[in-house]
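Good morning, and thank you for coming. Please look at the structure on the screen while I take you through a few of its parts.

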Amino acid sequence: MHIVVLTGGIGGARFLAGVRAYARETGDEVTAVVNVGDDVIMHGLRICPDLDSVMYTLGGGADPERGWGRVGETWTVKNELAAYGAEPSWFGLGDKDIATHLVRTTMLNAGYPLSAVTEALCARWQPGVRLLPATDDRLETHVVVDVPAAGDDDGGQRAIHFQEWWVRYRGDVPTHRFVFVGAEAAKPAAGVLDALASADVVLVAPSNPVVSIAPILAVPGLREALTTGRAPVIGVSPIIGDAPVRGMADRCLAVLDVPCTAAGVGGLYGARSTGGILDGWLVDTTDARTTVPDLTVRAAPLWMTDEAATVAMVRAALELA
Ligand code: GDP
Ligand code: CA
């Protein structure tokens, strides 16, 4: 069986660890289609936060406490950049992490697509699942906010990169909407349509629906491949008991006026039979009374406390499929 997972970074990586453990027992093949909307160029380096979170987590190199970046990280370069007053100073790049971005940027500059670069980086990390960026093209999530810029007293709207909204402002500025810059012209990355065509089931990881899953679905052709494919599509709720377990999905959902509930997110994805993407929606047992129009809803414990608990979630999702 071929399992395809749509995923963001940290939440998706934890879920993928469970999918991988399940697949090791069954011999199933796993492909992860990873969000690139968080990608950004800083200090001349191409940074892919979600691809790296997944790669480091599955490769055993992630920092479990911080949740992002490398374990045993040092910050010499960051401190040196700060000594120059080099901006952006609000974005932490660790020394070990920088090596990844150097290799990636060098390969991209030499003309390799991001999918090939990711495969090359994974030769070191051996994540045990195939990692594909949603697109090889530039697709960046920007956020339209009210942030007065220096010398600007009109308090007008401006678009900032998602990383600035998330890391610098913690999503705590008046926010109007998210824009997936470049999405209209983006094509699914090499391998993505083939993966979806050969999928026996597609799982939507319990990732941020607004800024991790939506940018993947914004790639023209990708959403269609999902909605017209033969594989059942099962979503796993990132919201438990009206709260995002970790992270700031509540801030993102508020911008869309979507309630931060399992029903709200299920409704945002929608049923495939009525123009949405899902055939089934897996919610936590505390949300067992959730209903979403036209969608089969099942409940199971959705706390990814350890790998065994996550494998049980994956089993429940596959049973629903
Ligand atoms: P990011 O790209 O690093 O922000 O990570 P993702 O978008 O892949 O995942 C972030 C989301 O994972 C958060 O918004 C949470 O709602 C969700 N999440 C984190 N831990 C858990 C968990 O244990 N169970 C469930 N169901 N969701 C979780
Ligand atoms: Ca992310």
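In this predicted model, three strands make up an open sheet, arranged in the order β7-β6-β8 with antiparallel pairing. The edges are taken by β7 (157-161) and β8 (175-181); each has a single partner strand, so one side of each is left without a neighbour in the sheet. On average, and ignoring direction, neighbouring strands here are turned by 30° against each other.

Consider next how β6 and β8 are joined. Strand β6, residues 140-146, runs antiparallel to β8, and 6 bridges connect the two. Within this pairing, Val 143 stands opposite Phe 178 of β8. Helix α8, residues 209-217, lies across β6 and β8 and runs at about 30° to β8.

I turn now to strand β10, residues 233-236. Which way do its residues point? Val 233 and Gly 235 point one way, Ile 234 and Val 236 the other, and all are buried. In a regular strand, the side chains alternate between the two faces of the sheet. Strand β10 pairs in the parallel sense with β9 (residues 201-204) over 3 bridges, where Val 202 has Val 233 as its bridge partner. It also pairs in the parallel sense with β13 (residues 280-283), again over 3 bridges, and there Gly 235 is partnered by Trp 281.

Finally, which residues provide the protein donors of the calcium ion, ligand 2? They are Asp 38 and Asp 50, with donor atoms lying 2.1 to 2.7 Å from the ion. Asp 38 lies in the loop between β2 and β3 and Asp 50 in helix α2, so the pair ties together parts 12 residues apart in sequence. Asp 38 is buried, at 7% relative accessible area, and Asp 50 is buried, at 6%.

How values were computed: Residues numbered from 1 in each chain as written. Chains lettered and ligands numbered in written order. Predicted model: local features only at pLDDT ≥ 70, side-chain atom pairs only at ≥ 80, totals over all residues. Heavy atoms only, no water. Buried < 20%, exposed > 50% of the residue type's maximum accessible area, 1.4 Å probe, protein only. Helix = DSSP H or I, 4+ residues; strand = E, 2+ residues; numbered from the N terminus. Pairing = 2+ DSSP bridges. Donors = N, O, S within 2.8 Å, 3.2 Å for Na, K, Ca; no water. Axes fitted to C-alpha atoms, helices over the stretch in contact; angles between N-to-C directions. Contact = heavy atoms within 4.5 Å.
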